[in-house]
Amino acid sequence: MRLRALVAQVIVLGVVFGGVPAVPALAEEPPAEAVQTAPKPEKLEAGLASDEDGARAIVELAVPAQAEQVAGEARLLPETDVVLQPQDTSFIVVQGTGESLTELAKDPRVVSIRRDRTYSPSSLASGLTLVGADRAHTEGADGRGTTIAIVDTGIDAAHPALGNKVVRQACFSVVDVGARSLCPNGQDTDTSERAADATTPACLDGQVNLCEHGTHVAGIAHAVAPGADIVALQVFSRVDDCGEAGEPCVTAYESSLLLALEYLTRLKDTVPGLVAVNMSLGGGLYGGSCDGEPEVQEMKGRLDALLAKGVAAVAAAGNEGSPGAGAPGCLSDAVTVGATDDADRVPDWSNHGSVLDLFAPGVDVDSSVPGGRTEIYSGTSMSTPHVTGALAVLAQRAAETGADASAGALTGRLVAAGRPIVYDGVAVPRLDLYGALTGAAPSPGVTQNPGDPGDPGPGDPGDPDVPEEPGDDPSPEPGTPPVGPTQAPVPIPLPTVTVTVTVTASPVDPPAVVAPVRPTMCVRGTSKKTLSAAKWAAELGTGKGTLTDTTLRCYLGMVGKASRVFPELAGASNPAAARRVLKPAKRTKRAVFESELLAAWLNWASGSVNLTAKVNGTTSVGDALTTAEARRLRGSFPSASASLLSRHVNARRT
């Protein structure tokens with residue numbers, strides 16, 4: 001289900017960004033190499049029969065009682081092992097070659113055999129599992145009866161992922177020289193029904209939505225607390241001349257943020273269920289608490305007022321990779337959140353230190369963005385709404401049981417239950433919502449030193465690589481450290497708050513607008529030059545290419561969504577694994593075929609070839625990819641097809 005949705009998403013991206021033609025459906029060609037004893041095609045998943053290296057596969061059975069007998073038969077097959085045999089279930093999991101799986105599929109008790117697919121460990125779903133939100137939901141703890149506020153770039157309230165939970169909106173957006181309002185009415189204040197609409201024309205720059213950050217954040221909070229209502233507050237303004245490139249961006253003035261916090265303080269009187277406000281934004285960087293700094297006293301006063309009324313302010317620590325946090329996260333009354341990945345490691349860009357209250361998942365989080373789509377972003381912005389949603393869930397349970405429901409008490413439970421993450425000599429708990437609900441003891445702590453890459457996983461650079469070929473990039477210098485879990489994808493920029501400092505001695509010029517770097521969206525590139533398989537392998541080498549790791553992962557993600565061969569069948573889910581496909585240790589027919597096929601898909605993702613472009617006569621690039629993938633799924637690797645991709649797709653002149 002997940003993979004089909006991802007393919008649909010790529011097609012949507014193609015329509016929205018640059019008119020990319022839809023990825024062609026693969027032709028259902030009858031396998032020429034089929035033999036009479038082969039199982040029915042629908043019983044054995046395409047591609048498994050030709051997998052010579054072995055695959056982990058789910059063997060679905062007619063009834064659970066047959067599992068023991070089928071498992072016994074599977075163990076008798078050559079190069080086959082039963083790796084999982086759950087009790088009272090209708091499937092087993094085996095590791096076997098394509099030949100052995102084909103033989104096993106002949107058993108009449110076997111209903112189907114399909115690849116045991118892997119899903120990204122850093123998706124929103126895995127983050128929910130990590131913090132125990134899924135278990136909380138099964139016990140009826142989902143935040144119902146509570147309300148959370150999202151102070152950000154507005155929200156697409158109609159997004160299906162938000163479940164119609166946006167119940168109130170307001171906008172506070174500066175109108176000044178160089179800055180224009182993002183409120184639908186064009187004014188500096190709007191409290192109408194769609195005041196925080198993130199799809200308003202002012203949010204759009206061509207086909208790019210500048211206001212998608214808030215919808216992404218709201219989607220995460222809603223996933224943690226699907227029963228909670230949401231108040232959307234837009235506090236950003238549009239600036240059309242940002243940085244050296246002069247591109248548009250969004251930024252927030254402190255005055256807008258103060259107005260929003262005042263609005264929430266008043267709102268608490270009529271919405272008693274308001275328990276937390278999410279602020280995935282920040283300005284400046286402070287090495288510790290900034291309570292005594294003059295420039296943040298007004299903001300501190302607003303947070304104090306909210307806290308006195310029982311509303312917790314949850315703020316992002318920031319993405320500078322430093323000890324400390326930006327404002328408002330540096331204030332002691334804020335619940336300040338840093339990022340970890342799903343292995344409980346702190347990415348090198350997350351702020352950290354004693355000013356933090358909690359860590360939460362923030363690496364490669366797949367959440368909603370305007371227009372009914374989703375995007376994968378990293379950052380402490382993504383960690384913060386995990387905590388905001390968790391506070392709503394705890395508040396619901398406290399109301400049901402009569403426990404202390406004050407903001408301090410709820411935060412205290414989260415802090416007490418979290419798994420200690422010791423980083424840079426400071427222990428900060430990682431969010432454990434289910435532990436806080438049940439009062440369970442924290443999981444054993446984990447210690448990580450800044451810059452410690454951890455153990456390289458399978459396929460990480462540092463594994464023995466294939467010999468270099470003439471003209472390829474040189475091998476890494478001896479002693480080059482492997483890329484480890486701490487070197488996470490580049491985070492989405494934290495929306496910037498421009499803090500205004502008023503000096504009464506003499507008038508001052510209006511505060512400069514501090515513009516955040518424009519978020520990088522994962523869409524097709526705009527390259528005008530195709531690359532050969534060898535040159536793509538060089539790009540995927542450690543620190544040797546011209547493309548960033550974020551861009552390469554974006555392209556590989558698009559390939560994985562559009563193709564039926566990559567990454568699961570041919571194992572090209574990350575840069576290191578893809579490099580081994582592009583530059584195989586042994587140049588067999590299969591290896592060369594897969595290398596050229598992956599290079600062709602990467603050239604499509606980079607924008608250097610279009611699916612409608614002709615390769616020869618009436619054959620298009622899309623036709624060539626369709627035919628090649630169909631052959632690969634049948635276990636056929638014709639040299640002519642590989643040559644066609646090499647000469648007419650990967651060596652095209654555009």
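A disulfide here is a pair of cysteine sulfur atoms within 2.5 Å, and in this predicted model the count by that rule comes to three.

**View 1. The C171–C183 disulfide.** The sulfur atoms of C171 and C183 sit 2.0 Å apart. Torsion about their S-S bond is about -90 degrees, so this disulfide is left-handed. C171 belongs to strand β6 (residues 166-172), while C183 is in the loop between β7 (179-181) and β8 (189-190), twelve residues apart. Both cysteines, C171 and C183, are buried.

**View 2. The C203–C211 disulfide.** Here the S to S distance is 2.1 Å. The C203 and C211 link is left-handed, with -85 degrees about the S-S bond. C203 and C211 are each buried.

**View 3. The C290–C330 disulfide.** C290 and C330 have their sulfur atoms 2.1 Å apart, and at 75 degrees about the S-S bond their link is right-handed. Relative accessible area is 0% for C290 and 0% for C330.

**View 4. Two of the four aromatic pairs found in the whole structure.** F593 is buried at 0% relative accessibility, and F637 is buried at 14%. W601 and W604 are also edge-to-face, at 5.5 Å and 85 degrees. Both lie in helix α15, three residues or about one helical turn apart, and both W601 and W604 are buried.

Technical notes
Residues are numbered from 1 along each chain as its sequence is written. This is a predicted model: local features need pLDDT of at least 70, side-chain atom pairs count only at pLDDT 80 or more; totals for chains, interfaces and linings use all residues. Side-chain values use heavy atoms; hydrogens and water are left out. Rings of Phe, Tyr and Trp (its six-membered ring) pair if their centres lie within 6.5 Å; planes under 30 degrees apart count as stacked, over 60 as edge-to-face and the rest as tilted. Buried means under 20% relative accessible area, exposed over 50%, partly exposed in between (1.4 Å probe, protein chains only). Helices (H or I, at least four residues) and strands (E, at least two) are DSSP runs, numbered from the N terminus.
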